[in-house]
Amino acid sequence: MNRPLHINKMSSVKGNIILNGINTVTGIIFPMITFPYAARILLPEGIGAVNFLSSIINYIVLLTSLGIPLYAVKEVAKYQHDKDQRDKNTIEILILSTILCLIGYIGVWLLAKYIPEIHQQSTLFFVLSLSIIFNTIGVTWFYQGIEDFKFITIRAIIIRTICALCLFLFVKNSGDLLTYGFITVGSTVGNNFINFIHLRSYINWKTIKFSELRVLRHIKPSLHIFILNIITSLYIHLNSVMIGFMQGDKEVGYFTAGTRITHIGLALITSIGTVLLPRGTNLLKKKDLVGFKSIISKSVRLTIALSLPMIMGLIILAIPVTLVFCGPDYIDSIPILYLNAPVILLIGLTNVMGIQILYPKNKINLVILSVTGGAIGNILLNIILIPSYGATGAAISTLFAELLVLLLQLFLGNRYYPFRWKEVFKSRYILSTIIMGIAILPIHYIVKDTILQLLIGIPLGALIYGVCLFLVKDDIMEDVLNVFKKRH
């Protein structure tokens, strides 16, 4: 029996943000726990082979997904209260994804047959290519669109836990590369098979009139997202490529270490958009502008409330964070971490303006234009700075480029949603962050052990920041406390 159409009423934005945050955090923790073990067992050659082949598969996934995941979230969310249209859209998009998946596997076969570096490891390549079909049938975008984040989070945690146990039980030596390949696929997209089976709870396939389906109508709108994904993908990998050509692998290593740490906090911030995109899209569909503005206002404040203490914490604890997570060989990554920390706030606000505001308002072209402007600025600055400053120069370029993207989006999108800067510069968040920073700054001088510096500094900083917001009766802190009270 199909579920009644009251998901949107039952789902809570606050609860969904927390659930998606948990999902994001566990997705970050899993590789932090498993990778050090795998790296020691499989050695650089094994890890290198998996990463090399996975990178190729990821590009095939990018090309064959055609921007559908983000587009599909919007389309499903738009018709949350129109079950027939929602189901019709879902089936059409799923059929289109399947067709593109088959095209992708033609590419997999050709690469495995004619590229020597891939052909000699074709079995592993085919194992890793399972992520293509799992991405296709996973329809995670459907559950995001109907805001069923509880199901997404629970099954993700269960699958990741099982995969972690399998890794420790079955990967014992460097010859277990195929086993590791299966586990890698399972940990990232293996749960998507469960998604597909669970889809029957929402859609009655027998009522679908396949003769009325118009599959190809989804290609044009999803292409806009595809273009954005391509530009963003090039943008993300551009710095490492340019550093590698201009300065060599060592500087690439410094840059990778410095930026990967900030990506942990950034993943949590951008996960807010995953929750609020379907809700905002649905409100716009119903022409509830008051509700839409309320959602955006909360999103901006939540982004600021989370970003500022993360930035302060990373800057103050940059040395122990780098030494603990990367090792003493990465001391030169510390200046890069300093420069990359503010990027958390910039990308967080860009995510609000671009993905949560402009995209639901069908202004994705403005997002593409702003990201293109940032990419051009990044390239030009890299050409100037990398030869003299190496990875640090690329970090400066990244900071400037992200600021440029945000400013362009605010300028281009102002007529569609006037951005209120007073929402950004909330004194309570700035003051609480400063107090937190003053409190944890002496730890570096009092405690000499780097691990202890983190074990003391992170919880102490979070506690002080939370207490400060509680004392000023900040509504976001009260909302978080209320959600936890209800769950207990």
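Trainee: What kind of model is it, and how are the residues numbered?
Mentor: It is a predicted model, in which local features need pLDDT of at least 70 and side-chain atom pairs count only at pLDDT 80 or more, while totals for chains, interfaces and linings use all residues. Residues are numbered from 1 along each chain as its sequence is written, and side-chain values use heavy atoms, with hydrogens and water left out.

Trainee: How many helices and strands are there?
Mentor: The protein has 23 helices and 0 strands, where helices (H or I, at least four residues) and strands (E, at least two) are DSSP runs numbered from the N terminus.

Trainee: And what share of the residues is buried?
Mentor: Of the 488 residues, 52% count as buried, a word that stands for under 20% relative accessible area, with over 50% called exposed and anything in between partly exposed (1.4 Å probe, protein chains only). The accessible surface of the protein, about 23400 Å², belongs to carbon and sulfur atoms for 68%; these areas come from the Shrake-Rupley method with a 1.4 Å probe.

Trainee: Switching to packing, how do H14 and H20 cross?
Mentor: The axes of H14 (residues 289-316) and H20 (residues 427-440) come within 10 Å and cross at roughly 20°, the axes being lines fitted to C-alpha atoms over the stretch in contact, with angles from 0 to 180 degrees between N-to-C directions. That angle makes H14 roughly parallel to H20, since angles under 35 degrees count as roughly parallel, over 145 as roughly antiparallel, 65 to 115 as roughly perpendicular and the rest as oblique.

Trainee: Which residues make the contact?
Mentor: On H14 they include Arg301, Ile304, Leu308 and Met312, and on H20 they include Tyr429, Ile434, Met436 and Ile440. By class, the contact has 11 nonpolar, 3 polar and 1 charged residues, where Ala, Val, Leu, Ile, Met, Phe, Trp, Tyr, Cys and Pro count as nonpolar, Asp, Glu, Lys and Arg as charged, and the others, Gly among them, as polar.

Trainee: Is Met436 buried or exposed?
Mentor: Met436 counts as buried because its relative accessibility is 4%. Leaving out residues up to four places away in sequence, Met436 touches Pro309, Met312, Gly313, Gly461, Ile464 and Tyr465. The C-alpha atoms of Met436 and Tyr465 are separated by 5.6 Å, although the two residues are 29 apart along the chain.

Trainee: Where is Trp141, and what does it touch?
Mentor: Trp141 is found in helix H8 (residues 140-145), and with a relative accessible area of 5% it is buried. Beyond its neighbours within four places in sequence, Trp141 is in contact with Pro69, Ala72, Val73, Val76, Thr90, Ile93 and Leu94.

Trainee: Which residue with a positive phi comes just after H15?
Mentor: That is Gly327, with a phi of about 105°, and in H15 (residues 318-325) itself Ala318, Pro320, Val321 and Thr322 are buried.

Key
Contact means heavy atoms within 4.5 Å.
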